[in-house]
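Q: Hi! I have a structure open here and would like to go through it with you. Could you help me get my bearings?

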Amino acid sequence: MALVSAKGILEAARDGHYAVPAININNLEWTKAVLETAQELKSPVLLAVSEGAGKYMGGYKTIVGMVNGLLEELNITVPVALHLDHGSFEGAKECMAAGFTSVMYDGSALPFEENLAQTKEIVRIAHELGVSVEAEVGSIGGEEDGIVGTGELADPKECKIIADTGIDFLAAGIGNIHGAYPENWAGLSFETLQAIKDATGNIPLVLHGGSGIPEEQTLKAVDLGVAKININTECQTVFAAATRKYIEEGKDLEGKGFDPRKLLAPGAQAIKDVAKEKMTAFGSVNKA
């Protein structure tokens with residue numbers, strides 16, 4: 001199945017009261033693990049790519065070629081969108097030109113009027129190409145590939161203005177954080193989320209920093225209109241832990257255990273386990 005826009009995937013999730021995971025990919029093993037799990041569970045999925053990961057993997061055209069090849073040769077039939085995560089204005093345009101089917105333009109660190117103007121321009125370009133657009137209001141806490149936010153709560157009025165640009169889904173700060181959550185984290189602000197939903201109407205909402213949010217809070221957010229939940233840190237930590245265990249147990253020294261296909265296999269399985277857990281928890285299983 002060819003890559004699709006995320007618009008239809010997330011509108012179906014919103015209407016069905018479930019969420020679809022957007023899982024960040026960093027290499028072939030990551031991508032293959034997520035796609036195989038989505039196919040096994042019959043779950044739609046978004047493959048998310050940060051600009052940093054894009055550079056690491058050799059560029060956006062390389063990623064598009066890899067993903068399209070895997071879709072064909074793994075016989076993937078579930079809906080898959082290739083999505084730029086926290087993209088700059090120029091990065092979003094580059095990804096669309098390379099063949100991404102969805103982009104996030106993150107202008108949340110800019111003055112609001114500048115964010116608004118650039119979001120409008122990205123929407124214009126994207127919709128001419130059939131590409132879906134995510135925008136952000138209210139910076140998300142923590143750090144991801146140099147994008148730093150303190151986790152402030154978004155202004156529902158600003159969310160309404162950004163939503164009216166024609167974006168397809170909206171990320172809004174509701175106390176969520178990228179990376180590991182500190183012990184003193186106050187939790188999600190459902191009052192803010194409800195106010196954003198009331199202000200923006202029926203647009204699918206996005207929860208960034210999905211790794212580490214307690215499941216009961218995640219499910220409550222889904223009930224309030226969140227249709228896309230981003231997962232990154234959790235996959236990175238389990239991949240590292242599984243790889244470390246393999247080496248500490250000396251398995252890389254047994255026979256041809258040093259072969260990267262064997263060395264990276266435990267980490268890839270760990271990513272599959274996380275993907276399966278999230279698809280099940282978010283309710284996207286058998287929704288393809």
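Q: How many helices and strands does the protein chain have?
A: The protein chain has 12 helices and 10 strands. Helices (H or I, at least four residues) and strands (E, at least two) are DSSP runs, numbered from the N terminus.

Q: And what sort of model is this?
A: This is a predicted model, where local features need pLDDT of at least 70, side-chain atom pairs count only at pLDDT 80 or more, and totals for chains, interfaces and linings use all residues. Residues are numbered from 1 along each chain as its sequence is written, and side-chain values use heavy atoms, with hydrogens and water left out.

Q: What is the radius of gyration of the protein chain?
A: The protein chain has 18 Å, which agrees with a compact globule, because 288 residues would give a value near 19 Å in that case. The radius is taken over C-alpha atoms, and the globule rule is 2.2 Å times the number of residues to the power 0.38. Along its principal axes, the C-alpha trace spans about 60 × 45 × 35 Å.

Q: What percentage of the residues count as buried?
A: Of the 288 residues, 56% count as buried. Buried means under 20% relative accessible area, exposed over 50%, and partly exposed in between (1.4 Å probe, protein chains only).

Q: What about the surface?
A: The accessible surface of the protein chain comes to about 12200 Å², and 53% of that belongs to carbon and sulfur atoms. These areas come from the Shrake-Rupley method with a 1.4 Å probe.

Q: How many positive and negative side chains are there?
A: There are 24 positive and 40 negative side chains, and the centres of the two sets lie 6 Å apart. Lys and Arg count as positive and Asp and Glu as negative, while His and the chain ends are not counted. Each charge is placed at NZ of Lys, CZ of Arg, CG of Asp or CD of Glu.

Q: Let's go inside. Which residues touch the most other members of the largest nonpolar core?
A: That core has 74 residues, and those touching the most other members are Ile63, Val67, Val80, Leu82, Phe100, Val103 and Leu170. Helix α4 (residues 60-73) gives the most to this core, with seven residues. A second, separate core of 14 residues includes Leu10, Ala13, Ala22 and Ala227. A nonpolar core here is a set of buried Ala, Val, Leu, Ile, Met, Phe, Trp, Tyr and Cys residues joined through side-chain atoms within 4.5 Å.

Q: Why would nonpolar side chains be buried together?
A: In soluble globular proteins, that is what nonpolar side chains tend to do.

Q: Which residues is Leu82 in contact with?
A: Leaving aside neighbours within four places in sequence, Leu82 is in contact with Leu3, Leu47, Val49, Ile63, Val64, Val67, Phe100, Thr101 and Ser102. Contact means heavy atoms within 4.5 Å.

Q: Where is Ser102, then?
A: Ser102 is in strand β4 (residues 102-105), and it counts as buried because its relative accessibility is 0%. Not counting residues up to four places away in sequence, Ser102 touches Ala6, Leu82, His83, Leu84, Val131, Ser132 and Phe169.

Q: Changing topic to backbone angles. What is the phi of Asn75?
A: Asn75 has a positive phi of about 55°, although it is not a glycine. Asn75 sits in the loop between α4 and β3 (80-87) and counts as exposed, because its relative accessibility is 56%.

Q: And His86, is that one buried or exposed?
A: His86 is buried, because its relative accessible area is 6%. His86 lies in strand β3, and its phi is positive too, at about 50°, although it is not a glycine.

Q: Now helix α12. How far apart are Ala275 and Ala33?
A: Ala275 and Ala33 are 242 residues apart in sequence and 8.4 Å apart in space, C-alpha to C-alpha. Ala275 is found in helix α12 (residues 265-282) and, leaving aside its neighbours within four places in sequence, is in contact with Ile23 and Thr37.

Q: What about Gly267, what does that touch?
A: Gly267 also lies in helix α12, and its contacts, leaving aside neighbours within four places in sequence, are Phe239, Ala242 and Thr243. Gly267 and Ile203 are 64 residues apart in sequence and 36 Å apart in space, C-alpha to C-alpha.
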